[in-house]
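Biologist: Please place the model on the screen, so that its contacts and accessibilities can be discussed in turn.

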Amino acid sequence: MTLFLLVWFTTVGEVNALAVFNRKMQGEIAEKNLSFLKNGLDRKLPYNEQQVIKAEELLRQIPEGPNKIKILLKVSDWYEGSYHNPQTLGKAFQYAEEALRVSQRLRSNIYAGKCYLQLSMLQQLRNKNEMIEVEAKKAIEILNKTNQIDDLAEAWVMIWSAKMRMTAPIPERLVPIFKAASLFEKSGNNKRSGDCYSQISELYFSISDFHNSQNALKKAIFFYKAAKLKESDIYPISSRLHIIYESEKKTMDIIKLKNKTFLQQSKLKNEIFLRNSMVTFVLLLLIILALLYKSFIFKKKTNKVLETQQNEINKKNDTLQKLVVEKEWLLREIHHRVKNNLHMVVGLLASQTEFLKNEEALQAINSSQNRIHAMSLIHQKLYQSENLSIIDMPSYIFELTEYLKDSFEIRKSIRFVLDIDSFNLPLSHSIPIGLIFNEAVTNAIKYAFPDHKNAIIKISLKTDDNENYVLIIQDNGIGLAYDFDPYNSPSLGIKLMHGLSDDIRGKFQIISENGTKITLEFSTNDSNLININL
């Protein structure tokens, strides 16, 4: 048993020692291979096939860092060279995306920008033009935060490439390639600056802008010489410059020839136009003279006819004027006689009261006298005014108020407050307004102040636009009875006010508000008013 344990421990120890030795050997081999891969990372030389195979075997053993990103991008570059094979192009994308993920985990703007630039170039091989620009813009956004000017310039070149592939307008193609050229100049990359200006020259040449094309190609040659390119490489560009120069010269000659031809044609056209204008002018002058002479003869005859007609019109106008004056005189006489007749009716009613003993009959006659006087006063105003169809409302309301004061003998017991705007109303509205005013004030005088203490009657007639009017008659008396119904009242005065309001299409309202308040809203713009003939 002791011998068996001794043998077992000896065997296990040998196995462990062998495993440690193997791991040490594998580490040394991996380190040697990593050193082999790391050689030339900072140089722009691409990997060969042997380096790519070893890199793919050892990538998992390489810790995340700048060296791993560089190796991934080198491997991606190698597979990019075999882009005709979809499998190898897919691997190029795979390694570039893995490099981007490592860069993002390390938060390295420099390598993230390089990875996006690599992806943009790979998208170009897939002919995905929109994605070329998307990846390049991401690269530009990140590389702007770094000092990697060459990579930033290459990203702008990819933007230009996308615009070229999508046949964007020439101004849109020029912007990115100009930015790339400027950045390559800043970094001192003369070769790439020359490449950019060579492409700029071609763009200008495509739109026949030979001057700018020539200048851009001169810059390209300057930068190629600064980059110490061989004369054999620069010669085709110099030949291109000569072609552009000759094209510009021919274009200028053609333009000069066209301008000369155009001037000659213009001169010839002007001479023909001048000659034709002179002939036309002479003909027009003869025609105008003939027309003027004809017009003179016609005007002379017409003036005689018009003079005869004017004399006849003047005679008719004189006759019509006399008729108008006679009509106005007759209308004024009618108003005067109507007023006299109404006064006579008032006098007859006054005489009748001497033989009446019934109080209600006397009040009815007095009310009728007041109503007749309200209408009579309108005819008196019309008779006295120059215009026989409108009434001056302030003076009419004032005189009617004064008449009612005298009629009821209340000058000292009731105070009247008048607020009347200055305006005129037509006869169609004046009579209804006068009668409504008479009824409202009469009711206030008779029923609002049983004790005649501090009695006030406010009268307002206002307008804002000489079309819409508001008449308000308010007293501070005892107000309406609690059971008063303004729409079913047996009172003749209330019925008369409602009827007259309807005649002028007015809005009539009677309410209790610290006494009695009567409001009438009406307009002189209403059509189809009921005619009032008196």
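Modeller: A definition comes first: buried means under 20% relative accessible area, exposed means over 50%, and partly exposed is in between. The model under discussion is predicted.

Biologist: With that scale, is lysine 191 buried, partly exposed or exposed?
Modeller: The relative accessibility of lysine 191 is 36%.

Biologist: Into which accessibility class does aspartate 195 fall?
Modeller: Its relative accessibility is 17%. Buried means under 20%. Aspartate 195 therefore counts as buried.

Biologist: How many residues apart are aspartate 151 and lysine 114?
Modeller: These two residues form a salt bridge whose closest N and O atoms are 2.5 Å apart. The pair links distant parts of the chain, with aspartate 151 in helix 7 (residues 149-165) and lysine 114 in helix 5 (residues 109-125). Their separation is 37 residues.

Biologist: What is the N to O distance between lysine 517 and glutamate 513?
Modeller: Lysine 517 is buried, at a relative accessible area of 18%, whereas glutamate 513 is partly exposed, at 35%. Their side chains meet in a salt bridge, for which the cut-off is 4 Å. The distance is 3.8 Å.

Biologist: How many salt bridges does the count come to?
Modeller: Salt bridges also form a network, which links Glu64, Glu98, Arg101 and Arg105. Counted by the 4 Å rule, the salt bridges come to 14.

Biologist: Let us turn to the aromatic residues. How are the rings of tryptophan 78 and tyrosine 79 arranged?
Modeller: A search of the whole structure finds 7 aromatic pairs. In the pair of tryptophan 78 and tyrosine 79, the ring centres are 5.1 Å apart and the planes stand at 80°. Planes over 60 degrees apart count as edge-to-face. The arrangement is therefore edge-to-face.

Biologist: What is the angle between the ring planes of phenylalanine 222 and phenylalanine 223?
Modeller: Phenylalanine 222 counts as exposed at 55% relative accessibility, while phenylalanine 223 is buried at 10%. Their rings form an edge-to-face pair, 5.3 Å centre to centre. The angle between the planes is 75°.

Biologist: Which arginine lies over the face of phenylalanine 93?
Modeller: A charge sits over a ring if, among other conditions, CZ of Arg is within 6 Å of the ring centre. Here the distance from the ring centre is 3.7 Å. The residue is arginine 126.

Biologist: How far apart in space are phenylalanine 437 and isoleucine 518?
Modeller: Phenylalanine 437 lies in helix 14 (residues 427-448) and is buried, with a relative accessible area of 0%. Beyond residues up to four places away in sequence, phenylalanine 437 touches Ile397, Leu400, Thr401, Leu404, Ile459 and Ile473. Phenylalanine 437 and isoleucine 518 are 81 residues apart in sequence. From C-alpha to C-alpha, they are 9.7 Å apart.

Biologist: In which helix is leucine 291 placed?
Modeller: Leucine 291 belongs to a nonpolar surface patch of about 1100 Å², whose members include Phe281, Ile287 and Leu292. The place of leucine 291 is in helix 11 (residues 231-353).

Biologist: For the chain as a whole, what percentage of the residues is buried?
Modeller: The secondary structure comes to 15 helices and 7 strands. The chain exposes about 33700 Å², of which carbon and sulfur atoms supply 56%. Of the 534 residues, the buried share is 37%.

Notes: Residues numbered from 1 in each chain as written. Predicted model: local features only at pLDDT ≥ 70, side-chain atom pairs only at ≥ 80, totals over all residues. Heavy atoms only, no water. Patch = residues over 30% accessible without salt bridge, like charges linked within 9 Å, V, L, I, M, F, W, Y side chains within 5 Å. Areas by Shrake-Rupley, 256 points an atom, 1.4 Å probe, with all protein chains shown as cover. Helix = DSSP H or I, 4+ residues; strand = E, 2+ residues; numbered from the N terminus. Buried < 20%, exposed > 50% of the residue type's maximum accessible area, 1.4 Å probe, protein only. Contact = heavy atoms within 4.5 Å. Phe/Tyr/Trp six-rings, centres within 6.5 Å; stacked < 30°, edge-to-face > 60°. Lys NZ or Arg CZ within 6 Å of the ring centre and 35° of its normal.
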